[in-house]
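Student: Please take me through a close look at one part of this structure, and at whatever you need to set beside it. I have not seen it before.

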Amino acid sequence: MSESSGAAGAAMTADLYRMAMPNHVCPYGLKAKHLLKRAGYDVSDHLLATREETEAFKAAHGVATTPQIFIGGRRIGGHDDLRRHLGKRVADPGATSYRPVIALFAMTAMMAAAASYAVTGEAITVRAAEWFVAFSMVVLALLKLQNVATFATMFLNYDLLARRWVPYGYVYPFAEGLAGLLMVAGALTWLSVPVALFIGTVGAVSVFKAVYVDRRELKCACVGGSSNVPLGFVSLTENLMMIAMALWMTLGAFGLAPGSGHAM
């Protein structure tokens, strides 16, 4: 074997030190091991089986966290450092992202198409479009209801009615969810339509004023209080969808909307 071949072989070996205790296995250690193996490294997996072992390792190497990865005898660092070393993107938990919204609307659209196919044998129908809006309302309400207090606090940053009557921030997710469920069922249109029309109109005016008039940069509370979705197009779309659905169902109740059979 040539000297260069030996150097290449040494460079493709990695030592991984990770916590693997009886009551806790470090998930980032497992992810680091997976990354190394996928990259073609021969991994020597060193398990830190006790808290004492872990603390001793950290003290010996002057590090604050585990896992720690060494490649060719050189310390690379933790899981995120390994991703950078391998040329992979490292997610910024505080970065703006539309991914939650894209995932939500994609799934509710597919749910609506699936429900329509199950009922009518066709995926693309007027009822599927109605269900898409209604399913989206229900799922958006569900995300807000995971932590109503956090949502209500974010909501106070821009909603005009919530600023005048604080409990409205707590009522909103329940109202949105109720309207969405009734719209899915096509029941009690006399209740779902005014609720959706009211909260949608107040929301649309509030978002438009905050973003396009006052030019404020805020986080949207539309997918719950822990999101990094910017306030603007997404929240405005949510509210406009509710308004459009309410008007569409009103037309349907009077037989003016083709394919819609809702009754007041």
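A hairpin and a helix

Tutor: Gly72 has a positive phi near 60° in the hairpin of E4 and E5, where 2 residues lie between the strands. The model is predicted, so local features need pLDDT of at least 70 and side-chain atom pairs 80 or more, while totals for chains, interfaces and linings use all residues. Residues are numbered from 1 along each chain as its sequence is written, and side-chain values use heavy atoms, without hydrogens or water.

Strands E4 (residues 68-71) and E5 (residues 74-77) run antiparallel and are joined by 3 bridges; pairing takes at least two DSSP bridges. Phe70 is opposite Arg75 in E5. Strands here are DSSP runs of E with at least two residues, and helices are runs of H or I with at least four, numbered from the N terminus.

Now the helix. H9 (residues 168-185) has 18 residues, which at 1.5 Å a residue should span 26 Å, and this agrees with the 25 Å between its end C-alpha atoms. The expected span is 1.5 Å times one less than the number of residues. After H9 comes Gly186, with a positive phi near 70°.

Helix H7 (residues 148-155) meets H9 through Val148, Ala149, Phe151, Ala152 and Phe155, which touch Tyr168, Gly169, Tyr170, Tyr172 and Pro173, contact being heavy atoms within 4.5 Å.
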